[in-house]
Amino acid sequence: ALAAAERLFLLHRSLGRMSSETKLVCSTCISCPKEEILRRLQRETTCSACCSALRLMTERPLAELVLLDSFVDREDETGYVLNEDLASPAALEAACAKFPLQEWLKNCQPLKRDKRCPMHTNSRHIFNQADLWEDMWAELSAAQKATICAVGAGELHDKLWQHCTDKHHLCKDCRSNVMWAYDRLTKKELPPVGTEAEQEAELSSLQAYFDIERSTEGTICVHSSALPTILYHYEDTLAEEAESSSKGRHAPTRQAGLSELLCVVGRLLLRKVLTSYQTSLEEEQNQQLLVRLVLSHFQAQTLERHAAQCAESLLEGIEHDAGKASKRKLKKERQKHRREAEAEEQAVTWDEQQELALLSKMGWSNAAAVALGGGGESAPGGGGAADATGGGAHPPPANGCGVAGGGGGDGRATEREAAAPGRGGAELDAARALALHPVDAASLELTESEQREFSALARQKGQLMEERDRMRAAIRERFERFALGGSKGVA
């Protein structure tokens, strides 16, 4: 029991895997639903016979639809599945070129006030073309001819009885001669009549038209080669009947009874030939219509899939190009920022704050830096005050190394400030005040000697200002060389 349960479990799992694989395959296949075919035809034509015939044709198995079977791989619950060899747009386009739909739909359109197409309208008047039976018979296949030559015994019996009674009112003896041939064909036991030669002649006459061995109680078989002879006999009989003025018909002998039987059989065979030919035409038209509708649907589905694939590939290409463009854009922006940073590093700006920071790094004190930045302008006032107090500030020497000289002078000033902090602070405040508020000689009430001394100090101040400007230019030039040389080394 456990082994059987295990086998059932494995079988169920394998079937589930097969069903999933089948679903995956079906999702990639191109199918045509049968309902879509009928809806498409109903939109194109108003012939109810064509729609009904196509509905019945879709219910038939695929093996019977010979023309459609060459384009369709199989038939499943979704409809007709396209053959894999025709899955490409080019192959379907070639197939649709051989079976164009729009041209064939013209054959299904009703004419003028008719409600049916010409094909189905002609089926009601098929006997108007009875004189063309020879051409029709020649175009029929062997299977169709065999079907036509098999006459139903019951139908033949009814037609014979109607022919003998209602139509021509044959007497009892004539009716017995006509029905003798029918009874012989249906294997009915009959008493022998006449001599053996007569019986053999009657049997040979029957065998010339009918296959007695294959004939049964339900079916009477006619030789396909004898069908044209029977139809010619039927036409001749109708022509004689039309020319004769006598109303009665007689069958005094069994040969005459066989002639009447051939007339009835000829009428049945003519109807079957015309009907079979009309049916074959309708079958061909319906199969052609079905194939063209299915191929048209397959082509539309294939083009839609091809368009979707092209759109996907195009979107992928656009995204790829956009990614490349964004990378290029980012690279260009980084290069631009790098060039701007290099340009900013090369174009070093000069201002007072940088000068003071540089001087402080080089060992100058804050007081000396302030004195250098604003003491030049206060040198005359400061010099006058220093001379009066006996502690004048020494200007930095005008040499190539002005920074060092200035530093030495500031060092001595710093020592004096350390020795007398109150006096140095007062002098520094006086120098700052003179730098901020220059004194005009006219506003001072000075003597001649004081005015000469003031003028000398003013000239000394101008010389010191020029010396300061030269020192600042030299320091700026050295700083620029140092800054540019350092930035190039880092790059």
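Colleague: Is Cys51 buried or exposed?

Modeller: The model is a predicted one. In it, Cys51 has a relative accessible area of 12%. A residue counts as buried under 20%, so Cys51 is classed as buried.

Colleague: How many disulfides does the protein have?

Modeller: A disulfide requires a pair of cysteine sulfur atoms within 2.5 Å. For Cys51, the nearest cysteine sulfur belongs to Cys50 and lies 6.8 Å away. Cys149, which is buried with a relative accessible area of 4%, has its closest cysteine sulfur in Cys221 at 8.6 Å, which is too far for a bond. By this rule, the count of disulfides is 0.

Colleague: How many residues in the contact of H11 with H12 are charged?

Modeller: On H11, the contact is made by Trp180, Ala181 and Arg184. Glu202, Leu203 and Leu206 make it on H12. These residues divide into 4 nonpolar and no polar, while the number of charged ones is 2.

Colleague: What percentage of the residues in the protein is buried?

Modeller: The protein contains 20 helices and 5 strands. Its accessible surface comes to about 31,000 Å², with 55% belonging to carbon and sulfur atoms. Of the 491 residues, the buried share is 30%.

Note on methods
Residues are numbered from 1 along each chain as its sequence is written. This is a predicted model: local features need pLDDT of at least 70, side-chain atom pairs count only at pLDDT 80 or more; totals for chains, interfaces and linings use all residues. Side-chain values use heavy atoms; hydrogens and water are left out. Contact means heavy atoms within 4.5 Å. Helices (H or I, at least four residues) and strands (E, at least two) are DSSP runs, numbered from the N terminus. Ala, Val, Leu, Ile, Met, Phe, Trp, Tyr, Cys and Pro count as nonpolar, Asp, Glu, Lys and Arg as charged, and the others, Gly among them, as polar. Buried means under 20% relative accessible area, exposed over 50%, partly exposed in between (1.4 Å probe, protein chains only). Accessible areas come from the Shrake-Rupley method with a 1.4 Å probe; for residues, only the protein chains shown count as cover.
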